[in-house]
Structure formats: C-alpha cells, structure tokens
Amino acid sequence: PLCRRGLGPPALRSRPTVALHQLPPRRSHAYLGGFLAPEEEVGAPSLRVRDLTVEMAAQKINEGLEHLAKAEKYLKTGFLKWKPDYDSAASEYGKAAVAFKNAKQFEQAKDACLREAVAHENNRALFHAAKAYEQAGMMLKEMQKLPEAVQLIEKASMMYLENGTPDTAAMALERAGKLIENVDPEKAVQLYQQTANVFENEERLRQAVELLGKASRLLVRGRRFDEAALSIQKEKNIYKEIENYPTCYKKTIAQVLVHLHRNDYVAAERCVRESYSIPGFNGSEDCAALEQLLEGYDQQDQDQVSDVCNSPLFKYMDNDVSGPVCIAFVFSLERKVSSEIFTRVLKRLFLTSFFLLKLLLIRKLTTCIEFHHRFR
C-alpha cells in the first residue's frame, strides 16, 4: 500500500506489478509488503515434512550417541582419576535414552536405560536405579516384549521396596499387571496379589481390596474357583474391617456362587451362616435371595435357581465376579439336572425290562413244566 501511494522507497516505487495470471504454473505466491514471495510447489510439503522427520530422527540418534560417548568418558579412570564418576555417567545415559526414545529407537533407548540403572546402582542410588529399570521396561512394552517388560518392572518394584518407597513399588506392580493381563492372566493375578499385600502392609486397605477384586475377577474368568473363593473371602474380610457392610453382602453372594459352582454345598451354606454376624445381613434382600438359592440347589429345583440368578439383585451387581459365575452355575445345574433325569429314566427302563424278562422266564419255565407233566 505504501508503494501505491508513493510513500515507499524509490526502488520499490519503481518496481512493476505482476498480474496473477503471469505467475508460473503450480506455484503459489504471498503478497508481503509489495513483494511477491514464491512458495513451494504443490505436493512438496508432505515430502518436506517426511524429510524433516527423518532429519530430526538422525539428529536425535547422533545426539544420543554423543551422550553415550560422554558417559563412557566419565566412567574411565586414569592416573589422576581413580574412581569413575557414576553420577555424571548415569545422567548422560539418561539423556541418551531420551534422545533414542524421541527417535523411536527403542532398542537403543532400552540399553541406555539399563546402563543408567547400573550406574545408579554403583552409586547406591536405588530409587533412581529403579526408575531407570522401569523406563527400560516401558521401552520393551513399546517393542511388544511384554514378559521381559514385566520382569524389569518387578525388579524395579523390589528396589523401590528396598529404598523404602512402598507406594511407588505398588504402583509399578499394578502397572505391570495391567500390561500382562490380556497376555498372561495367571501372572497378572500374582502381580495384583503382590500389590494388594504391599498396600495392606502400609494399611491402605481400600487400595488393597481394589487390587484383590481385580485378582478375583481374573481367577473366575480362568475358572480357578478354589483360588477365587479364597480371594473373595479375603476381600470380604477387608470390607468388613473398613465397615463397608453392603459390599460384604455382595461378596457373600459371589462367594456362595463360586462354592456352588465347585459343587460344595456345605461350604456355601457355611458361608451364608457365617455372614449372619455381619450387621444388617440377616433379613436383607441378599440374605433372602441366597437362602432361596441354596434351597433350590438342595432340592435340585432348576426353575427356582434360574429365577434367583436372573433376578435384578444378581444380574446388576457392581461386582464383576458374580455375573459370569452365575451364568456358568445355571448352565452347570441344568446339565446336572438333565443328567440326573436321564439317569433316572435309564434306571426305570432297566428295572422295567428286568421285570418283563423275569416274567417271560417264569412263563417259559411254567410252560416247560406243564409240557413235562403232560408227556410223563
């Protein structure tokens, strides 16, 4: 605008204007203060971004290698340096790990984290060593090597405990359990139980019972009902200790279903009988439903058991344990009742056929005796 009004510099005022139709094809222009600045060709930005990404990755890799070289230099000893500088070396290894991680070089990042952990261990800095081991586990997670990742995180949690930070150890173990839950449920159960023990030792019962609940659900899904019954009993005891009585009722339902699925009617009945000591349980809706369930199971009344298990109390429980157990229990009871009916029918047929055969034999013997007496 200044050029048009004759207020700009003489060189700019004398510059001829360029019409848009005179511009070269496939090139865009930006009008900047009287200048027409050519931009990149169409389609080039994506290539340029890709090239930039590769260039940045190479830059980060070089940066990581430089940090590794510095770390090795700090670890060297000489005539005037008798002891390695583990602290500075660990810092350089940590910077190298970050650089490799940003460059998506997870294998090199994992190696750098492990070297950092060893340097911290030599420097007797257990907390920082555990952090480095945990970071190495995260790198293995990015590489989809979950069992190896869990091993490193477990090692980190042990070092957290040695350092006197059990809360951090518990969080690391819980993280490891979530990582491995879909791959190895048995290992996840073990990790969740370890985490619950750590929280329980620290008297953080709410966190402990939450982790025990996760372990119970995995045990039920894995059809490990003996262990599930013990885990649910432990949950129930903790809920009773923190005076969360309504949840105790739900845990009693889950426990009874697990016992009945194990065909252990005595244990299920004992479980209900022991729960009468819980305040408010006797006379509650949960207690009445459990009594009906036990009565139907004892009398092999499939309709009564199905009605109880399909009631809203059982269907919409907050506890994720009772749902699958209830369904599996109904199906198993149906099979059991059907097999018993089949057995009874077979027994009746056998007795009937035996009776008919006996009558036939008696009739034959009578005929033979009459024939013998007639021709004697």
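**Entry 1: E72 and R115**

I looked up E72 and found it partly exposed in this predicted model, with a relative accessible area of 35%. I then looked for a charged partner and found R115, whose side chain meets that of E72 in a salt bridge at 3.5 Å, N to O. I noted where the two residues lie: E72 is in helix α2 (residues 44-75) and R115 is in helix α4 (residues 106-122). The pair links distant parts of the chain, 43 residues apart. R115 is also partly exposed, at a relative accessible area of 41%.

**Entry 2: K234 and E200**

I turned to K234 and recorded a salt bridge between its side chain and that of E200, at 3.9 Å, N to O. The cut-off for a salt bridge is 4 Å, so I count this pair. K234 belongs to helix α10 (residues 225-241) and E200 to helix α8 (residues 185-201), so the contact ties together parts 34 residues apart in sequence. I read the relative accessibility of K234 as 32%, which counts as partly exposed. For E200 I read 30%, and E200 likewise counts as partly exposed.

**Entry 3: D286 and K250**

I next examined D286, whose side chain meets that of K250 in a salt bridge at 3.1 Å, N to O. D286 sits in helix α13 (residues 285-298) and K250 in helix α11, and the pair links distant parts of the chain, 36 residues apart. Is D286 buried or exposed? I found a relative accessibility of 6%; buried means under 20%, so D286 counts as buried. K250 is partly exposed, with a relative accessible area of 26%.

**Entry 4: helix α11**

As K250 lies in helix α11, I looked up that helix as well. Helix α11 covers residues 245-261 and has 17 residues. I noted a reach of 25 Å from its first C-alpha to its last, close to the 24 Å expected at 1.5 Å a residue. How many residues of α11 are buried? I recorded 13 of its 17, so by the under 20% cut-off the helix is mostly covered. Just after α11, I found N263 with a positive phi of about 60 degrees.

**Entry 5: salt bridges in the whole structure**

Side chains of opposite charge can pair when their charged atoms come close. I also noted a network of salt bridges that links E107, K110, D111 and K145.

Terms used
Residues are numbered from 1 along each chain as its sequence is written. This is a predicted model: local features need pLDDT of at least 70, side-chain atom pairs count only at pLDDT 80 or more; totals for chains, interfaces and linings use all residues. Side-chain values use heavy atoms; hydrogens and water are left out. Helices (H or I, at least four residues) and strands (E, at least two) are DSSP runs, numbered from the N terminus. The expected span of a helix is 1.5 Å times one less than its number of residues. Buried means under 20% relative accessible area, exposed over 50%, partly exposed in between (1.4 Å probe, protein chains only).
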